[in-house]
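Thanks, I'll keep this short. Please have a look at the structure first, and then I'll go through a few contacts.

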Amino acid sequence: AVFLTVVNGTDPRQVYDGAAWSTSPAITGVSSADLSHVWVFANRYFFVEKDTFNAWYLPVDNIGGAANSFSLAGIFQNGGALLTGATWSVDAGDGMHDQCVFISTLGEVAVYQGTDPSSATTWAKVGDYHTGTMLGKIALLKVAGDLLLMTVDGFVPMSMVKSLDRAALSLNAVSWQIEPDWRIEANARPDNWTVVKWLEKDMTIVALPSGANLDSRCFVVNNETGAWGEYTGWDTNCITLFQGEAYFGTSAGTI
């Protein structure tokens, strides 16, 4: 069976089974209303507990049950809180390996590899790095064997975060051609950015959230040439793909 799980840090976690939404099966050990982000790594659901450094994970192949905590309080030294996480596929020379990425609200990044966070023999930290502040919990895009992060410094590949000092990241960002415009918009709209790679139209669209005194626009990059442009008049508070078409939600709550 295939399930869709959603959390927002305010309401109880919801599960969609293809026919109906439900709060069952329940998650125990933590209030599901406090879970603000969810992703899958090593066949487990991982969650972020809002305003803390706690990540939570479920048993393998389970969508509910007893959640176990994994604290990053001793890893992130600059303060803030855990913001988001994702799976990053890395070519280690002998094939692709998945690594689990945790990112704080202040741009600290911790990378782990393994299968069971409760076991020191099967779970280990690969490294910790620094990047610019993320522009939202889902300001991420998987491309081939890399994970792109939308930060105040630009659209930065995780492979560059791992190998370069933060001062050099903007020059190696996918968005380096529009760096001044990117920084202006990042300062004006510092949260809730989303992105889709629209293969059918050969473009990637970066949705810039609208708001008071902010115009409606998106950054758009040609997937073949790498040339950047912008679309105006698109009130794209969020954007996603479904069956080859792009759908966006507006600030008025419409699609």
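Which residue forms a salt bridge with Glu 185? The partner is Arg 217, and the closest N and O atoms are 4.0 Å apart. Bear in mind that this is a predicted model. The two residues are 32 apart in the chain, with Glu 185 in helix α2 and Arg 217 in strand β19. Glu 185 counts as buried because its relative accessibility is 12%, under the 20% cut-off. Arg 217, at 15%, is buried too.

Arg 217 has another partner, Glu 230, at 2.7 Å from N to O. That pair connects strand β19 to strand β20, where Glu 230 sits, over 13 residues. Glu 230 is partly exposed, at 41% relative accessibility.

Now helix α2 itself, residues 179–188. Trp 182, Glu 185 and Ala 186 are its buried residues. They lie on the same side of α2 because they cover an arc of only 105 degrees around the axis. Pro 180, Ile 184 and Asn 187, on the other side, are exposed. The cover over the buried residues includes β15, β16, β18, β19 and β20.

Back to the salt bridges: the whole structure has ten. One of them joins Asp 128 and Lys 125, at 2.9 Å from N to O. Asp 128 is partly exposed at 40%, and Lys 125 is partly exposed at 39%.

Last, the surface. Leu 4, Val 6 and Trp 21 make up a nonpolar patch with about 280 Å² of accessible area together. Val 6 belongs to strand β1 and is partly exposed, at 34%.

Definitions and conventions
Residues are numbered from 1 along each chain as its sequence is written. This is a predicted model: local features need pLDDT of at least 70, side-chain atom pairs count only at pLDDT 80 or more; totals for chains, interfaces and linings use all residues. Side-chain values use heavy atoms; hydrogens and water are left out. Buried means under 20% relative accessible area, exposed over 50%, partly exposed in between (1.4 Å probe, protein chains only). Helices (H or I, at least four residues) and strands (E, at least two) are DSSP runs, numbered from the N terminus. The arc is that of the directions from the helix axis to the C-beta atoms. Contact means heavy atoms within 4.5 Å. Patches are made of residues with over 30% relative accessible area and no salt bridge: like charges are joined within 9 Å, nonpolar side chains (Val, Leu, Ile, Met, Phe, Trp, Tyr) within 5 Å. Accessible areas come from the Shrake-Rupley method with a 1.4 Å probe; for residues, only the protein chains shown count as cover. A salt bridge is a side-chain nitrogen of Lys or Arg within 4 Å of a carboxyl oxygen of Asp or Glu.
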